[in-house]
Amino acid sequence: MDQIKFYTLITGASDGFGKALAIECARRKMNLVLVALPGPELSNLAVFIQKNFLVDVKTFEKDLTNEADCYDLHLDTLFLDLHINILINNAGIGNTQMFTEASPEFLKRQIKLNVMAPTLLTSLFVPELKKYSPAYLLNIGSLSSFFYLPKKQVYGATKSFIYFFSKCLRHELKRENISVSVACPGGMNTNFSVSLINRTANGISRISILDPEKVAPIVIGKMLKGKAVIVPGKMNQLSMLLNKLLPSFIKNIVTAKLMNDLKSLPLPSVAIQKDRSYRAA
């Protein structure tokens with residue numbers, strides 16, 4: 001068993017937070033299976049990681065909104081005899097827009113990628129994780145799953161699913177020596193919309209936005225320590241604490257204040273990308 005080469009599988013790995021997670025795992029000498037939509041970004045990242053960190057990297061171009069691609073990914077790893085002992089479900093589609101502004105097709109893709117894909121991949125890869133335990137499963141949720149935020153209704157709902165799913169699964173898989181964690185970051189500088197907020201917003205809204213390169217080491221470190229819920233950033237942790245302690249009418253006032261900058265920005269109705277090629281509906 002000591003001679004087995006283990007791999008960490010990361011979805012949505014071609015850019016943004018997924019890329020930061022891949023580089024952080026490579027720094028820790030983890031071999032990688034990187035999954036993203038077709039495009040040069042994925043292969044370029046693999047070359048960069050192999051050259052700079054001297055770990056093995058396998059890449060798979062898959063559209064995880066397609067159920068068949070999820071099954072194919074699993075079969076591909078079995079065919080290549082890749083031993084997955086860490087699964088990171090990162091791929092997802094975010095957005096900042098009113099519900100009536102989003103097309104049904106976009107909402108369907110968002111739910112498929114944010115909910116169905118991680119659920120299906122977890123189901124497929126849990127037997128591998130059991131086989132190669134101690135193992136780790138990390139789902140990327142969002143701070144927005146805890147707050148009723150304007151323009152985040154479906155996205156927040158999908159991330160609420162991820163949170164509940166992860167917490168329940170943690171209890172079920174503990175006896176199998178599989179540690180399940182859910183990371184709930186706030187806004188990150190991974191796309192044009194968040195960068196615009198960061199340049200324009202004031203006060204709490206601005207300082208709560210973090211760089212993915214700073215968030216990734218926190219998340220991976222706490223995952224390896226078996227932390228159940230990971231909330232990076234002091235301001236985000238404060239928001240969580242206030243959400244637990246304050247009565248509802250106060251939380252509504254605080255939420256309105258936190259969202260004031262966002263609502264006043266002249267943002268386009270865009271999809272915030274975690275998986276590179278998903279655009280606005």
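This is a predicted model: local features need pLDDT of at least 70, side-chain atom pairs count only at pLDDT 80 or more; totals for chains, interfaces and linings use all residues.
A residue counts as buried under 20% relative accessible area, as exposed over 50%, and as partly exposed in between.

The protein chain holds ten helices and nine strands. Of its 281 residues, 54% are buried. The accessible surface of the chain comes to about 13,300 Å². Carbon and sulfur atoms account for 57% of that surface. Contacts were also sorted by sequence separation. Among those between residues at least 6 apart in sequence, 73% join residues at least 24 apart.

Aromatic pairs were examined next. Rings pair if their centres lie within 6.5 Å, and planes over 60 degrees apart count as edge-to-face. By this rule the count comes to four aromatic pairs. In one of them, the ring centres of Phe48 and Phe53 are 6.3 Å apart and the planes stand at 75°, so the pair is edge-to-face. Phe53, at 12% relative accessibility, is buried.

Phe146 and Tyr163 also form an edge-to-face pair. Their rings are 4.8 Å apart, centre to centre, with 80° between the planes. Phe146 lies in the loop between β6 (135-140) and α5 (153-173), whereas Tyr163 lies in helix α5. The pair therefore ties together parts that are 17 residues apart in sequence. Phe146 has 17% relative accessibility, so Phe146 counts as buried. Tyr163 has 23%, so Tyr163 counts as partly exposed. A contact of another kind involves Lys152 and Tyr155. The charged end of Lys152 sits over the ring of Tyr155, 5.1 Å from the ring centre.

Asn85 belongs to strand β4 (residues 83-89). Its relative accessible area is 14%, so Asn85 is buried. Leaving aside residues up to four places away in sequence, Asn85 touches Phe6, Tyr7, Leu129, Tyr132, Pro134, Ala135 and Tyr136. Asn85 and Lys130 are 45 residues apart in sequence. In space, their C-alpha atoms are 8.3 Å apart.

Pro134, one of the residues touched by Asn85, is found in the loop between α4 (104-131) and β6. A cis peptide bond joins Ser133 to Pro134, with omega at about 5°.

Backbone angles were then considered at two loop positions. Lys29 has a phi near 65°, a positive value in a residue other than glycine. Lys29 is placed in the loop between α1 (16-27) and β2 (31-36). Its relative accessible area is 53%, so Lys29 is exposed. Leu54 has a positive phi as well, near 55°, and is likewise a residue other than glycine. The loop that holds Leu54 runs between α2 (40-53) and β3 (57-61). Leu54 counts as exposed, because its relative accessibility is 72%.

A nonpolar patch was found on the surface. Leu238, Leu241 and Leu245 form this patch, and together they have about 290 Å² of accessible area. Leu238 is found in helix α9 (residues 234-245). At 39% relative accessibility, Leu238 counts as partly exposed. Patches are made of residues with over 30% relative accessible area and no salt bridge. Leu238, at 39%, therefore passes the accessibility cut-off.

How values were computed
Residues are numbered from 1 along each chain as its sequence is written. Side-chain values use heavy atoms; hydrogens and water are left out. Patches are made of residues with over 30% relative accessible area and no salt bridge: like charges are joined within 9 Å, nonpolar side chains (Val, Leu, Ile, Met, Phe, Trp, Tyr) within 5 Å. Accessible areas come from the Shrake-Rupley method with a 1.4 Å probe; for residues, only the protein chains shown count as cover. A salt bridge is a side-chain nitrogen of Lys or Arg within 4 Å of a carboxyl oxygen of Asp or Glu. Helices (H or I, at least four residues) and strands (E, at least two) are DSSP runs, numbered from the N terminus. Buried means under 20% relative accessible area, exposed over 50%, partly exposed in between (1.4 Å probe, protein chains only). Rings of Phe, Tyr and Trp (its six-membered ring) pair if their centres lie within 6.5 Å; planes under 30 degrees apart count as stacked, over 60 as edge-to-face and the rest as tilted. A charge sits over a ring if NZ of Lys or CZ of Arg is within 6 Å of the ring centre and within 35 degrees of the ring normal. Contact means heavy atoms within 4.5 Å.
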